[in-house]
Amino acid sequence: MNDRTRPVPQGRLTRLAGLGKLAGGIAAGVLGEGLERLARGDRPHLSDLLLTPTNARRVTDQLSRMRGAAMKLGQMLSLDAGDLLPAELTVILSQLRDAAHVMPSSQLQKTLNSAWGADWRRHFAEFDITPIAAASIGQVHRGVLTSGRQVAVKVQYPGVSASIDADIDNVATLLRMSGLLPRGLDVAPLLAEAKRQLHDEADYLREAEQMGRFGHLLAGDSRFVVPEPIEALLRPTILPMDFLVSVPIETLVSAPATEGRGATEALFDLVLKELFEFGLMQTDPNFANYRWQPDSGRIVLLDFGATRQVPAQTVEHYRGLLRAGLAGDRTAVREALVSMGFVSKAQASRHAPALDAVIRTGLRHLNASRDGLFDFADRQFVGTVRDQAAPLIADRSSWGLPPPDKLFIQRKISGMVLLLTRLEARMNIMDRLAAYT
């Protein structure tokens, strides 16, 4: 058994014990770090003791062993953290995007036997039992059908679907115990929606359907390619699809300028199309879901489990926010943020000067590109925004959560901005945005 091979823990008590081990390790780390800082004469806050590189490594290692919803929540944190966490913590947590342990071959064989029958190899001329990718819900294998068709086969970890609700409840309990969440913050609607979405992601029949919908919607756009599912071998926990030769999307950083710009513009356009044209959005912005074909110049789109409809009212809310932002209307932007739930009424009334300063900085950064190219890699304004927003963040009693549908959509938008930042994208965004006002 190599370092990355671990059976997927399936029983509720086994998974709870895994989280308990994680909590115990973090608690020990908090105690040790706290005593060390007190000895130096510091008076650290609990959040400072929790968010340390050592504890981040503990989280990464344990969640990658557990997989399932527990790891998925960790991945969400790694993406949503953006510029909020110290760089060293973001780097460690980002390993959760592709650091899952893989199933032992015996557990894989049992899973495939259950889905396809003991004679499943009769469908394949080749099947590589070593996965080419491993994530939170499943791992991917490469194969060749007897027809010669090259395929990628996504195999769901056993017990993942049954563990979703308990994993989320257990992680939420740990967050409450940590003190990172204000006592009065109502996270129940978000947890319920997270459970619903993760159950959707664990339904590979549904994902195949969404893959087909995106393939149809993008059929006329030569910048993208979507694999087709292999219907004859499709099962609720097995998703076979075309294997499309490609390289990680991050390689665009070193691509020729014209090719890199075309690809990053396509990614930016895709988010706008999903929100304002399709009313259908793939809300998981994991970088591994986007790959690039240097020979054809096309972007390969993968993983449609997190696809969700965008309510018409939500589309109009975003259109209104976009319109206000392009007009430079700070009052309208503030009203839109409150009506959408991204800023609570308490925050808007208690910390109006700080909120206005944040909006003013954001609009200044946006409008700086009005006559030129927007540089996603220019993050100098982030530190200013963080400082300006400090009063809103510090007033924990004023915190609120946006409606879950907007939170998942915003996660996709923020994740795409982060990806474009990593790709050092530069483009004229004003005309693209204005087209949807």
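Reader: Before we start, what should I know about the numbering and the pLDDT limits?

Author: Residues are numbered from 1 along each chain as its sequence is written, and side-chain values use heavy atoms, with hydrogens and water left out. The model is predicted, with local features needing pLDDT of at least 70 and side-chain atom pairs counting only at pLDDT 80 or more, whereas totals for chains, interfaces and linings use all residues.

Reader: OK, what is the strand order in the open sheet of four strands?

Author: The order is β5-β10-β9-β7, with mixed pairing; strands (E, at least two residues) and helices (H or I, at least four) are DSSP runs numbered from the N terminus, and two strands pair if DSSP finds at least two bridges between them.

Reader: And which strands stand at the edges?

Author: Those are β5 (224-225) and β7 (247-248), and because each has a single partner strand, one side of each is left without a neighbour in the sheet.

Reader: How many bridges join β5 to β10, and what stands opposite valine 225?

Author: Two bridges join β5 to β10 (residues 298-301), and these strands run parallel, while valine 225 has valine 300 of β10 opposite.

Reader: Switching topic, how many cavities of 30 Å³ or more are there?

Author: The structure holds one, with a volume of about 50 Å³ for the largest cavity. A cavity here is a set of points on a 1 Å grid over the protein atoms alone where a 1.4 Å probe fits but cannot get out, and lining residues have an atom within 4 Å of a point; points are joined across faces, edges and corners, and the volume is the space filled by probe spheres set on them.

Reader: What lines the largest cavity?

Author: The lining includes Phe214, Leu270, Glu274, Tyr290 and Lys412, and its residues divide into six nonpolar, two polar and two charged.

Reader: Now the helices, how does α11 pack on α17?

Author: Helix α11 (residues 312-327) and helix α17 (residues 404-422) pack at an angle of about 55°, with their axes 11 Å apart; axes are lines fitted to C-alpha atoms over the stretch in contact, and angles run from 0 to 180 degrees between N-to-C directions.

Reader: What about α12 and α14?

Author: The axes of α12 (residues 330-340) and α14 (residues 352-367) come within 10 Å and cross at roughly 115°, so these helices are roughly perpendicular to each other, a term that covers 65 to 115 degrees.

Technical notes:
1 Å grid on protein atoms, 1.4 Å probe; cavity = no way out; pocket = protein on both sides within 12 Å on 5 of 7 lines; lining within 4 Å. Nonpolar A, V, L, I, M, F, W, Y, C, P; charged D, E, K, R; others polar. Parallel < 35°, antiparallel > 145°, perpendicular 65-115°, else oblique.
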